[in-house]
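Here's a friendly walk through a few spots in this structure. Have a look at the model first, then read on.

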Amino acid sequence: MADLTTKYLGLTLRNPIVVASSGLTDSVEDIVELDKNGVGAVVLKSIFEEQILLEAEHSLRKAEEDSMIYTELSETLDYIDEHIKEKELGNYLDLIREVKSKVMIPVIASVNCITTREWTTFAKQIEDAGADALELNVFIMPFNFDANSIEKEQVYYDIVNKVKELVNIPVSVKISPYFANLGKVIQRLEEHGANGVVMFNRFASPDIDTDAEKVTSAEVLSHPFEMANTLRWVAIMSGRLKMDIAASTGIHDGDAVVKQLLAGATVTQMASAIYKNGPEHIVNVLKFVNDWMDKKGYNYIDQFRGKLSQGKMEHPEVYERMQFMRYFSEIK
Amino acid sequence: MIENIIDYLKEERSQEWRAELRKSLKAKERTSRERVKMPEEDPNIRNKSNTEVNTGLPIENAVLEAQRCLDCPEPTCMDGCPVGINIPKFVKKIEAKDFLGAASVLKETNGLPAVCGRVCPQEKQCEASCFYTVKLKKPPIAIGYLERFAADYERNSGKMAVPEVHEKNGIKVGVVGSGPAGLAAAGDLAKFGYDVTVFEALHEIGGVLKYGIPEFRLPNEIVDVEIDNLRKMGVKFKTNFLVGKTASFDDLKKEGYKAFFVGSGAGLPRFMNIPGENYNGIFSSNEYLTRINLMHAADTEYDTPVISGKNVAVIGGGNTAMDSVRTAKRLGAERAIIIYRRSEKEMPARVEEIKHAKEEGIEFMNLHNPLEYYADENGRVNRMKVQKMELGEPDASGRRRPVPIEGSEFYIDVDTVVVSVGVSPNPLIPKALSHLKVTDWGTIVVDKETMQSSVPEVFAGGDIVRGGATVILAMGDGRKAAAGIHKYIQETVKAN
């Protein structure tokens, strides 16, 4: 029986399987279930600024429908978004406290922030509520065509700086792959004090229904083929960072977990596969990793972690090859 | 029912004295007159004292203003009044110089006309629906000024009528809270003959009318006169009495109370939950105003700590924010600043209050939002960080959402901060009655017609039902609930 113990963000995990921030991690009952099935750690569902605003609008509409509640001239309703935020944040802090009282595994809180404003200060309350670490889910929408990429990258660094000033718990940053100089940005996040990076965030995407000629939502859950980009960047960055790396997106089974560990990931984050197969799926994933390690004669993960990272490769260019030059040119 | 009201109004309008009055001046003469102006105390005098800002219309101006009213066959102004005051009738009584008659018309549906004439947002209610506003696009009849005039005239005449009450029936009804909803309910219940006791948590009667609205906008004396009237009608008051703590509903029921009206208000302050909000010198507007209005914090004769800061920032844009900032100025603040995250157009405060505040030297930092407070070594607030905002897309309420401007943060020196970003319903009663149905907002769910809650003997109204209403709406609720309680007792209690 191999030892799967893993250190991630300074925390000791019984194995490198982390359930990613998602609907799977928004209730105490579900998290207890994940714990029973052997997960290494959980990242709580993110609390989103956007979500609060939507909730505020919903509440306002509801108030207006109920004619007893007075909406005109009301100071309370003028600040309803603030009050909803306070309530939502309160609920989130309660979730942290309750989860911490029910499970022994590390509990990582998640905040979706797009500015350095109040969301960063909320980090302090998260720490006080007992979260073991904090994952910052940052994505600055690239729709402001007047701003240049340096300004946008700076927001990420500022957020990390601000949060690190406020809290003592470890902080990881979940990012997208959409940076002009991705590797440098990740290194700079580390320079600014991040303890880990989660690669990568998977976004809700649009699709088009050609029959109805309408914009719809693309499939919510990931597919295994989506893992390739993560695998590339984990392999490229793992030898170049001191901070931890959580691989995310498209990791659906034990085989994928092993691949990411070989590329150099500290842990792997899963969500879609558990949505599809239930929390029991974690047992299968762990069994695969265990069996594979036994088969290969590894006793613990550090014996093979990063073995196939770019830095350790005889032909490092394999992770850099982007174009299928010959392959496509030969297709007639 | 509505047809009956229309018939009733028609009948009233066709009375000889009204017909005569209409003929006495041509419509053109009426509409060509300018709306009267409310005389006001000089801003530089009033901002150093508690004198009432609006000094009231002199008789001749009240009559002139009443003459502007066209006595419309379909008085649309009444649609804008939450308690359905017979507006044309009371206005015409003023034109006819029957001022006591005008006051008595007001009192048919409004127990506190002197209060409503001062604090109702008429510009958004009756005056917004006035024929002048809607059709003529001219300044409306100054209904609020006239309401106040008639009520003040009656009070100063020494001929203030105490409403008639039915013979006492000995049935006990409890009223929780002595704000406008509670007082209105108590008055009507007393008229029906009930043995009414009002339970007030604070040491003074009047609720928000006393602790919330400052003397310069609503002198306590005016509220006291109304309370005395209720006493004369047999209403009993118990102060420092918290229903749910001092005695439970069950205790009171054992004492013989058959029904209750809950008008416990929205006294739970809200904060913004930003760093440093717990430092000394940062108050909720409720606490700030209560300390000054009820606990004499500004008076050295009293033990309540003095909180007259030099640089006072008030966060918010509602009437309570205006009351707080203008109070701060009166307590000697060199800088009294409103910090509001939207623009003036979106402010929930009455236009008149904003105007008065500006005249008194209040600074307005609109489109600014506080981010953090800082304190000296004693934990007393000494500085705050604010950020500039711009208006984004309108939200569900139609107001444009404030969006922060990155990098626009700066600091302001402050020694007192008053947070006035709204209040929540008082949670005490819902907590004391576990089976009471409440909304997500913490307001009590009631039947819209009877104001009866999910607990049959408990009726409710005012801010505890509406979240944050006006005085007149709260009073309307109190009256409706009194009728509901009367019906409930007739049907159930008497049947047993």
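Lys107(B) is buried, because 21 other C-beta atoms sit within 10 Å. A residue counts as buried if 20 or more other C-beta atoms lie within 10 Å of its own, exposed if 12 or fewer, and partly exposed in between, with C-beta atoms placed from the backbone. You'll find Lys107(B) in helix 7 (residues 99–109) of chain B. Helices (H or I, at least four residues) and strands (E, at least two) are DSSP runs, numbered from the N terminus. Leaving aside residues up to four places away in sequence, Lys107(B) touches Pro113(B) and Pro163(B); contact here means C-beta atoms, placed from the backbone, within 7 Å. The C-alpha atoms of Lys107(B) and Thr246(B) are separated by 34 Å, and the two residues are 139 residues apart along the chain.

A quick word on the model: it is predicted, so local features need pLDDT of at least 70 and side-chain atom pairs count only at pLDDT 80 or more, while totals for chains, interfaces and linings use all residues. Residues are numbered from 1 along each chain as its sequence is written, and chains are lettered from A and ligands numbered from 1 in the order in which they are written.

Most residues other than glycine have a negative phi, and most peptide bonds are trans.

The peptide bond from Met199(A) to Phe200(A) is cis, with omega near 0°. Phe200(A) belongs to the loop between strand 9 and strand 10 (206–209) of chain A.

That brings us to strand 9 (residues 196–199) of chain A. Gly196(A) and Val198(A) point one way, Val197(A) and Met199(A) the other way, and all are buried. Which strands does strand 9 of chain A pair with? One is strand 8 (residues 171–175) of chain A, running parallel and joined by four bridges; two strands pair if DSSP finds at least two bridges between them. Ser172(A) has Gly196(A) as its bridge partner there. Another is strand 12 (residues 244–247) of chain A, also in the parallel sense over four bridges, where Val198(A) is partnered by Ala246(A). Together, strand 8, helix 7 (residues 182–191) and strand 9 of chain A make a right-handed β-α-β unit. Right-handed means that, with the strands pointing away from the viewer, the path from the first strand over the helix to the second runs clockwise.

Next up is helix 11 (residues 281–296) of chain A. Its 16 residues reach 23 Å from first C-alpha to last, close to the 22 Å expected at 1.5 Å a residue (the expected span is 1.5 Å times one less than the number of residues). Its buried residues are Ile282(A), Val285(A), Leu286(A), Val289(A) and Met293(A). Seen down the helix axis, these fall within an arc of 95°, so they line one face of helix 11 of chain A; the arc is that of the directions from the axis to the C-beta atoms. An α-helix has 3.6 residues a turn, so residues three or four places apart point the same way. The buried residues pack against strand 3 (17–19), helix 1 (28–36), helix 9 (254–263) and helix 10 (272–277) of chain A. Turned away from that side are the exposed residues Lys287(A), Asp291(A), Asp294(A) and Lys295(A). Just after the helix, Gly297(A) takes a positive phi of about 80°.

Back in chain B, strand 10 (residues 368–375) and strand 11 (residues 381–394) pair in the antiparallel sense over seven bridges. Tyr374(B) has Arg383(B) as its bridge partner. These two strands of chain B form a hairpin with five residues between them, and Gly379(B) in the turn has a positive phi of about 80°.

Finally, chain B has an open sheet of five strands in the order 6-14-7-8-9, with parallel pairing. Its edge strands are strand 6 (282–284) and strand 9 (363–366) of chain B, each pairing on one side only.

Key. Contact = placed C-beta atoms within 7 Å.
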